[in-house]
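Welcome, and thank you for taking a look at this chain. Please keep the picture at hand while you read the briefing below.

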Amino acid sequence: MVLNSLDKMIQLQKNTANIRNICVLAHVDHGKTTLADCLISSNGIISSRLAGKLRYMDSREDEQVRGITMKSSAISLHYAEGDEEYLINLIDSPGHVDFSSEVSTAVRICDGCIIVVDAVEGVCPQTQAVLRQAWLENIRPVLVINKIDRLIVELKFTPQEAYSHLKNILEQINALTGTLFTSKVLEERAEREAESQVNPNSEQGEQVYDWSTGLEDTDDSHLYFSPDQGNVVFTSAIDGWGFGIEHFAKIYSQKTGIRKEVLLKTLWGDYYINTKAKKIMKVDQAKGKKPLFVQLILENIWSLYDAVLKKDKEKTDKIVTSLGLKIGAREARHSDPRVQINAICSQWLPISQAVLAMVCQKLPSPLDITAERVEKLMCAGSQTFDSLPPETQALKAAFMKCGSEDTAPVIIFVSKMFAVDAKALPQNKPRPLTQEEIAERRERARRRHAEKLAAVQGQAPVEPTQDAGALEMSPQGEEPKGDEQGVENETPKPVPPEGSEQESFIAFARVFSGVARRGKRIFVLGPKYSPLEFLQQVPLGFSAPLEDLPPVPHMACCTLQHLYLLMGRELEDLEEVPPGNVLGIGGLQDFVLKSATLCTSPSCPPFIPLNFEATPIVRVAIEPKHPSEMPQLVKGMKLLNQADPCVQILIQETGEHVLVTAGEVHLQRCLDDLKERFAKIQISVSEPIIPFRETITKPPKVDMVNEEIGKQQKVAVIHQTKEDQSKIPEGIQVDSDGLITMTTPNKLATLSVRALPLPEEVTQILEESSDLIRSMEQLTSSLNEGKNNSQMIHQKTQEKIWEFKGKLEHHLTGRKWRNTVDQIWSFGPRKCGPNILVNKSEDFQNSVWTGLDGKASKEASRYRDLGNSIVSGFQLATLSGPMCEEPLMGVCFVLEKWDLSKFEEQTASNKQNQEPGDLAKEGQGGGDTRSGGDEQQELQDDGSEPFEKRASQKGEPPLTDCYGPFSGQLIATMKEACRYALQVKPQRLMAAMYTCDIMATSDVLGRVYAVLSKREGRVLQEEMKEGTDMFIIKAVLPVAESFGFADEIRKRTSGLASPQLVFSHWEIIPSDPFWVPTTEEEYLHFGEKADSENQARKYMNAVRKRKGLYVEEKIVEHAEKQRTLSKNKVHHEKRWAGRSTSWNQDCWEKYQ
């Protein structure tokens, strides 16, 4: 029976101080959903017998089948402690690494979290990840050590061993927290130092030289988990029990007369009771004394398990009576001892009592939100709180106050959108029938039954009875919930055309300030919205209605249509939601894509974007089985994109629809959703599209048989084929050191480009700083367009940019890289990638840093358009490399020379030819043409217009040229020059790599290694978990080899090992895809054809085939053995016409 009505919940929502918004975070299979079940059963929503078996929060069918949570879902619980009543908004989150984006959406709208750790497995990779996520969002954690029963039943530990094992787990978690804390303190100290360097007047002590300063002064005692602080609970969710130390301290203080405060401090730790002196003393390990935790707590639990599992009825009864419990006859007679344990323990140490009491005492209410967290939420990008407009800064007080007055601004954050079947919405549910309606239905059913019987027995003909039935049913048309409504509902089913409308989207949100009321008008702020732009457009203190406001980019206005209370699988309608509560909002699907900030005040900034741990990397192309169903697929993919926080939907240049997901399990879930919920059509899915990157390396020192290059005798014939491969067309000059010189088709400009590999550290810095590079690009482009005022460079951004430049200078040292950083012209691809274009030409100096000083040079503006063409060519070259059209990474292109002398001569001569014509025109046409002439003069001086535009404005045909516009020629020439510059260097493919964490027992270790080595994996480290026979293996594995890896490992190890795969980095594949034997030794070692497996070539050809590019491979090995059978002669001639003869002839000549 549900213990609390909706009215009770609405009443509890109003007391903000007693609300707790919490989420349950843990590694996969550590017992989050089972713990949630136990807490839900305390409210009577599900039976306590089903807790742990039902997995109430896993409402999807595939979640129940796989046994893992795939989405975060919320439920509101009531908890009373003494006179105080609390409302706990509990969010259950997934532990599988593929769904870590769901964890981010849950963490954002909570104030605290429960970290669940398996007592046997201890701290796992995903435990570290969720702790880090909680830390980044500034929410307070409490710890639940779950599955303590496994220490008794599976590992058969003694209480003393269990105590030291639990102590070990606590130490590991506290070490993790300490690491996070230390890094934060040191970061803050570095920031303070940077500020003190900027303001030399501020005091500077000697503390700068001591790395640990700041750590000594900062209090971190509240951060760590310790049972005596009350932020740790020991549980066994499946057996329904759990306890904090406080529970036992209370009991034993009554029994022994020792003060409760003393017991709280000594129940955990190495203390024992000296019975003679009646004192609690520190344990001397040598004496073999048992700590209090073992003696007073664990031994009692162990003896209970022992008695029940051995079916010692007398001892069990004795324990039950001494604890003053009552066990039902059904449980007492049950053959499964775990049922008895559950029945006894859930009364003796109820888990919900222990966990919820800890949550209410130790976790903050929405009123306790810290100023630091508010400032962090409001400062998107590289802004600081001080740089925000004063109206925006004033909103901080509203956040902190969490006020529910009408004047308080309403601020709501939507962390995700989730799809719900329209039938499940409260407004669409059938209302319960009244007693009269039920009686009426029963009467009608009886009558119909009697008529059917009469018809069957032949007492009356069939037709009249049907008519009579119809006549009898017709007068009751006014009945709203009659049987005929069921019939009506069945017949017009195919009429509604929008099949997808059965899915309704609900926003998963939290009110941070003000009261959300149904029907309220509110602004929807997109992630790129800037309150500064709005405040510039709209005068201060505007009182216009919302409809009359001028359009501001990334801001829309909408109405809150429906508000819902989220109750796991159910939704309840609400009229209003006070601040501090978690809620569902209906009717936002047209305004919010994935997440958004809703606010009644347009001076509110959008919250910082959610922080996702997993990167979407697994991509597949999708198409419908029947091409006519393409519109449904497109619509379905739009809905899927909205319903999943992490998925990405792309349409490639080829027209393919591509789905990008975080891993195999995530991909499977997305495909199931597409087929069954959103598109409802049959789809065909391609093989996974594996991303690669192309790069170049330094020339190798040794060849494939480890001989030093240059010392061996070349084999002329084979060496020649190597030369043929890197053939450069005529008209392109190549220097010995790889400098490519190319001329545009109309011979007016000449470019010289060289490609160099960037050091690994630089590539990494460029990847990490992509957001900063993007904001630099926006600043320079706005300066070039002359919008000085709209984009103010913040002090902090400026500092970050110079710090980034300093890092690059630090790594790009030596003669080869002298002055390179100052000459960086652009980053690519898409102007923010890990490749750089360096401009070393004498005539034209331009770099990414010049615009940031606030002034664009005159020379730069003169050449800007031609320069833009060069940059565009570089962007195109880096977007698709020559090997298999994949983006480049870690390449530096140096533009050594850029000769435009012929182009300038041509433009000058064009001007001279034009002037006499202009004068003649002036004489004929009067003043108008003169003003046109003045305009042209300005344009010529400025030189910022492209040549073609200037020519056409003068009324003269553009440069007579069959090769198209000059800017286009520059783009094409630059792109080709970059590609050839790459091809003359040793090219390599880069593969995406997963880090793979595997927990396995020692007996299946060999099989795990076998699977890893078969799939090109590389083990980095292996360590044994203390106190268990579990090994933790850390390895790296190419994404290309990872499909089916988890399944294979589970099969080979009978389910004893399961991997967690997270995208980590890009790694160069060492083998050369174009390698052929060129020396005597290689020739002897690899044979004539050198057709042994070349990993890089295999990957390259696979990508080229997929993209429809030319692949060089032999179809027929022995051409002379091919026969044409006489009866199939005609058929074969058709197939091989034209191809066979010449090709066979070539092969025959080759083999002679």
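Is E1016 buried, partly exposed or exposed? With a relative accessible area of 41%, E1016 is partly exposed; the scale calls a residue buried under 20% relative accessible area, exposed over 50% and partly exposed in between, using a 1.4 Å probe and protein chains only. Please bear in mind that this is a predicted model, in which local features need pLDDT of at least 70 and side-chain atom pairs count only at pLDDT 80 or more, while totals for chains, interfaces and linings use all residues. Residues are numbered from 1 along each chain as its sequence is written, and side-chain values use heavy atoms, with hydrogens and water left out.

**The chain as a whole**

- The chain holds 37 helices and 34 strands; these are DSSP runs numbered from the N terminus, with helices being H or I over at least four residues and strands being E over at least two.
- Of the 1152 residues in the chain, 48% are buried.
- Among contacts with a separation of 6 or more, 75% link residues 24 or more positions apart, where contact means heavy atoms within 4.5 Å.
- The chain exposes about 58000 Å², and carbon and sulfur atoms supply 51% of it; such areas come from the Shrake-Rupley method with a 1.4 Å probe, and for residues only the protein chains shown count as cover.

- Strands of a sheet pair through backbone hydrogen bonds, either parallel or antiparallel.
- β21 and β22 (residues 657–661) run antiparallel and are joined by four bridges, and L650 has V658 of β22 as its bridge partner.

**A sheet of six strands**

- Another open sheet has six strands in the order β25-β26-β27-β30-β29-β28, with mixed pairing.
- Its edge strands, β25 (733–734) and β28, each pair on one side only.
- Four bridges connect β26 (residues 740–743) with β27 (residues 750–757) in the antiparallel sense, and M742 stands opposite L751 in β27.
- Helix α31 (residues 966–983) packs on this sheet, where it touches β26, β27, β29 and β30, and its direction makes about 40 degrees with that of β27.

**Enclosed elements**

- Nine of the nine residues of helix α4 (residues 100–108) are buried, so α4 is largely enclosed by the rest of the structure; among them are E102 and R108.
- Strand β10 (residues 411–421) has 10 of its 11 residues buried, so β10 is also largely enclosed by the rest of the structure.
- β10 runs antiparallel to β11 (residues 503–513), with 10 bridges between them, and F413 has R510 of β11 as its bridge partner.
- Four bridges also join β10 to β19 (residues 596–599), again antiparallel, and V414 stands opposite A596 in β19.

**A pair of packed helices**

- Helices α10 (residues 292–309) and α11 (residues 313–323) pack at an angle of about 140 degrees, with their axes 8 Å apart.
- That makes α10 oblique to α11; angles under 35 degrees count as roughly parallel, over 145 as roughly antiparallel, 65 to 115 as roughly perpendicular and the rest as oblique.
- The contact is made by S303, L304, D306, A307 and V308 of α10 with K315, T316 and I319 of α11.

**Backbone details in loops**

- Most residues other than glycine have a negative phi, and most peptide bonds are trans.
- E1016 is not a glycine, yet has a positive phi of about 65 degrees; E1016 is found in the loop between α32 (1005–1014) and β32 (1018–1024).
- E885, also not a glycine, has a positive phi of about 60 degrees, and counts as partly exposed at 27% relative accessibility.
- The peptide bond from G828 to P829 is cis, with omega near -5 degrees, and P829 is found in the loop between β28 (824–828) and β29 (835–839).

Conventions. Two strands pair if DSSP finds at least two bridges between them. Axes are lines fitted to C-alpha atoms, for helices over the stretch in contact, and angles run from 0 to 180 degrees between N-to-C directions.
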